[in-house]
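Visitor: I'm new to reading protein models. Could you walk me through this one?

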Amino acid sequence: VILSSKPLAIVEAADFAKGGDGTRSVDKYFKDFVKADLNQAKKIREALVALNNPKIKESSIVKVIDFLPVDSEDVHKIFNDVSLSEEEVNTILNIVKK
């Protein structure tokens, strides 16, 4: 029975599944694809949630943490289902750059 569901960034999933000896295939996946450390992921999540922008959904926050966009094109690829203003895009980029 699933009581609740929350999207996790890859780094958060890696922290949740830690405890392996590094030989599991999932450990290799985490090593190959994690771009941010757990502390950085928490800061990005908190900053994006603090914006209180209804366009920024939990699933998009996870993608921002996973991909760490570097330009407006990357941000628009993540938020392809909503139209973000230039100011919103720049705010997201500034949060990621911190």
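Visitor: Which residues of helix 4 are buried?

Guide: Before I answer, this is a predicted model, where local features need pLDDT of at least 70, side-chain atom pairs count only at pLDDT 80 or more, and totals for chains, interfaces and linings use all residues. Residues are numbered from 1 along each chain as its sequence is written, and side-chain values use heavy atoms, with hydrogens and water left out. Buried means under 20% relative accessible area, exposed over 50%, and partly exposed in between, with a 1.4 Å probe and protein chains only. Helix 4 has these buried residues: S60, I61, V62, V64, I65 and D66.

Visitor: And what covers the buried residues of helix 4?

Guide: Helices here are DSSP runs of H or I with at least four residues, strands are E runs of at least two, and numbering goes from the N terminus. The cover over those buried residues of helix 4 includes helix 1 (10-16), helix 3, helix 5 and helix 6.

Visitor: Which residues touch the most other members of the largest nonpolar core?

Guide: A nonpolar core is a set of buried Ala, Val, Leu, Ile, Met, Phe, Trp, Tyr and Cys residues joined through side-chain atoms within 4.5 Å. In general, nonpolar side chains of soluble globular proteins tend to be buried together. The largest core here has 21 residues, and the ones touching the most other members are I44, L48, V64, I65, V75, F79 and I92.

Visitor: Which helix gives the largest share of this core?

Guide: At least two core residues come from each of helix 3 (38-50), helix 4 (58-67), helix 5 (72-78) and helix 6 (86-97). The largest share is five residues, and it comes from helix 6.

Visitor: What does V75 touch?

Guide: Contact means heavy atoms within 4.5 Å. If you don't count residues up to four places away in sequence, V75 touches P69, L84, V89, I92 and L93.

Visitor: Is E88 buried or exposed?

Guide: You'll find E88 in helix 6. Leaving aside neighbours within four places in sequence, E88 is in contact with N53, K55 and S83. The relative accessibility of E88 is 19%, so E88 counts as buried.

Visitor: What kind of aromatic pair do Y29 and F30 form?

Guide: A pair of aromatic rings is described by the distance of the centres and the angle of the planes. Rings of Phe, Tyr and Trp (its six-membered ring) pair if their centres lie within 6.5 Å; planes under 30 degrees apart are stacked, over 60 edge-to-face and the rest tilted. For Y29 and F30 the numbers are 6.1 Å centre to centre and 65° between the planes, which is edge-to-face.
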